[in-house]
Amino acid sequence: MKAKLARHDINFIVQRDLSADGQYGLYFYCRSMTNVSFMIELKLKRGMNICKVTVKCPNKAFSELCKTTIAKLVA
């Protein structure tokens with residue numbers, strides 16, 4: 001997943017264990033062509049083929065657009 005997002009200039013920051021039941025988070029950073037910054041969190045659970053996408057950005061509309069784009073990229 002890290003390599004897949006890196007091909008689209010989405011930079012990996014850190015991976016953190018979130019709970020004892022195998023859940024972990026991958027954190028990424030990217031910037032749009034208009035210089036808007038996005039912090040992206042992907043929550044995953046070992047052994048499961050699903051992930052939750054959370055995007056933080058000062059503009060909610062841009063945040064939703066980025067979330068949809070990331071979801072399509074990781075699918």
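**Close-up views of a predicted model**

**View 1. Tyr-27 in strand β2.** Tyr-27 lies in strand β2 of this predicted model. The residue is buried, its relative accessible area being 16%. Apart from neighbours within four places in sequence, the residues in contact with Tyr-27 include Asn-11, Phe-12, Ile-13, Val-14 and Arg-16. Leu-18, Ile-40 and Glu-41 are also among the contacts of Tyr-27.

**View 2. Tyr-27 and Glu-41.** The side chains of Tyr-27 and Glu-41 make a polar contact at 2.7 Å.

**View 3. The salt bridge between Asp-17 and Arg-46.** The structure holds two salt bridges, and one of them is formed by Asp-17 with Arg-46. The closest N and O atoms of this pair are 3.5 Å apart. Asp-17 is exposed, with a relative accessible area of 61%, while Arg-46 counts as partly exposed at 47%.

**View 4. The salt bridge between Lys-45 and Asp-21.** Here the side chains of Lys-45 and Asp-21 meet in a salt bridge, with an N to O distance of 3.4 Å. Lys-45 lies in strand β3 and Asp-21 in the loop between β1 and β2 (23-31), so the pair ties together parts that are 24 residues apart in sequence. Lys-45 counts as partly exposed, at 31% relative accessibility. Asp-21 is likewise partly exposed, with a relative accessible area of 48%. Side chains of opposite charge can pair when their charged atoms come close.

View 5. Ile-13, Val-14 and Met-39 make a nonpolar surface patch of about 230 Å². Val-14 has its place in strand β1 and counts as partly exposed, at 34% relative accessibility. Two members of the patch, Ile-13 and Val-14, are also among the residues in contact with Tyr-27, the buried residue of the opening view.

Terms used
Residues are numbered from 1 along each chain as its sequence is written. This is a predicted model: local features need pLDDT of at least 70, side-chain atom pairs count only at pLDDT 80 or more; totals for chains, interfaces and linings use all residues. Side-chain values use heavy atoms; hydrogens and water are left out. A salt bridge is a side-chain nitrogen of Lys or Arg within 4 Å of a carboxyl oxygen of Asp or Glu. Buried means under 20% relative accessible area, exposed over 50%, partly exposed in between (1.4 Å probe, protein chains only). Helices (H or I, at least four residues) and strands (E, at least two) are DSSP runs, numbered from the N terminus. Contact means heavy atoms within 4.5 Å. A polar contact is a pair of N or O atoms within 3.5 Å; within protein, one must be able to donate a hydrogen and the other to accept it, and residues adjacent in sequence count only if both atoms are side-chain atoms. Patches are made of residues with over 30% relative accessible area and no salt bridge: like charges are joined within 9 Å, nonpolar side chains (Val, Leu, Ile, Met, Phe, Trp, Tyr) within 5 Å. Accessible areas come from the Shrake-Rupley method with a 1.4 Å probe; for residues, only the protein chains shown count as cover.
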